[in-house]
Amino acid sequence: MQCTNIIPVPTIHPKKLKLRNSNSQLSVTHPQSNFEVQLPLPSHVKFISSTLNPFVKHCHKLRQSSSYRHSHGSVLVVGATPIREICEFQKSLQVKTVMMDCLLLPDNCEIPEWIDDLSVRIVQVSSAVIKKVSGMQSTESIEAMAVMRIPTSFSYINADAKEANCRAWFPSPHRVLVLDGVQDPGNLGTLLRSATAFGWNGAFLLPGCCDPFNEKALRASRGASFQLPIVSGTWNHLESLITEFQIKMLAGHPETDKYSKPFHLSQKLADSLAKLPLSLVLGSEGSGLSEQSRRQCELVTIPMAGKFESLNVSVAGGIFLYMLQPQNHKSL
């Protein structure tokens, strides 16, 4: 499965897609410079039928290319459910972290009621455009698509940065999920969704991880990429966070590894860690934990009655995240 890694760009503070007048174009400001990419989308346009439309091509590139997404500071979100969940989450925040610049709806459809409270430009598009932009062969189930800015809760820390303000990364460092080279977008998105569901405070992506705004990661996360604070950085940056807040580091690891003797995950272990700041490191599907993760962390395994070497990382991660969640611990 092909997946594009996190793109090395500075922490992004995306600019707004500016609508000028009825005769002007949609102006997308490049987040790393002062030049603007002009996309013909006059403000009077309410319907797009052609797949050759420049704005359609822009949306298509947002879905396909990680570098294009991050250079423009924008993401394409496909599906009414994740869009609605992102918007509902934003309503609960005092300071908004996400802006929606354009909502694309199928032509000849009624505007859904949940959109009534949104102040957003709506453009209706043909089924051919939906197919082109979404990449889906069947478009009947696609009720909406949205161009959103990369949330301000996402931070990329340049590998060359020796110092970073780790206190600004997460509202609280009590529970932080660390992903070590997780490349599969479905697994990464599912883990972000589980971390959000179980009340974890954020996710730290080490080098080699998939872009959390990859189309498949977004689909699996159901909008969690826009809700959970996410930091992409190096081991040096992670160590700064661990040292600053005295965070205990655990890592999920198979019991079948003959070179290590990991602890068993249990309710007793979870209760003993309930009040401690904690990070959980999960490794890649193929290679598992990196050597540095094995050295730095206490290894923990999930006891299994069946004779399997290991679980899928998103399945194992869901169990760990549930058992080690910050409050209301429950037995399996």
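Eight salt bridges are found in a search of the whole structure, a salt bridge being a side-chain nitrogen of Lys or Arg within 4 Å of a carboxyl oxygen of Asp or Glu. The model is predicted: local features need pLDDT of at least 70, side-chain atom pairs count only at pLDDT 80 or more, and totals for chains, interfaces and linings use all residues. Residues are numbered from 1 along each chain as its sequence is written, and side-chain values use heavy atoms, with hydrogens and water left out.

Helices (H or I, at least four residues) and strands (E, at least two) are DSSP runs, numbered from the N terminus. Both partners, Arg-149 and Asp-101, are buried. Buried means under 20% relative accessible area, exposed over 50%, and partly exposed in between (1.4 Å probe, protein chains only).

Lys-248 and Glu-298 also meet in a salt bridge, with an N to O distance of 2.6 Å. Lys-248 belongs to strand β12 (residues 248-252) and Glu-298 to strand β15 (residues 298-301), so this bridge ties together parts 50 residues apart in sequence. Lys-248 is partly exposed, at 25% relative accessibility. Glu-298 is partly exposed too, at 33%.

Within helix α6 (residues 215-221), Arg-219 and Glu-215 lie four residues apart, about one turn of the helix. Their salt bridge has its closest N and O atoms 3.5 Å apart. Arg-219 counts as partly exposed at 47% relative accessibility; Glu-215 counts as partly exposed at 24%. A network of salt bridges links Arg-63, Glu-215 and Arg-219.

Arg-63 also takes part in a helix contact, made by Val-56, Cys-59, His-60 and Arg-63 of α1 with Val-129, Lys-132, Val-133 and Ser-134 of α4 (contact: heavy atoms within 4.5 Å). Helix α1 spans residues 54-64 and helix α4 residues 127-134; they pack at an angle of about 30°, with axes 8 Å apart. Axes are lines fitted to C-alpha atoms, for helices over the stretch in contact, and angles run from 0 to 180 degrees between N-to-C directions. The two helices, α1 and α4, are therefore roughly parallel (angles under 35 degrees).

The structure holds zero disulfides, a disulfide being a pair of cysteine sulfur atoms within 2.5 Å. For Cys-209, the nearest cysteine sulfur is that of Cys-210, 8.3 Å away. Cys-209 is buried at 1% relative accessibility. Cys-297 is buried at 8%.

Definitions and conventions
Parallel < 35°, antiparallel > 145°, perpendicular 65-115°, else oblique.
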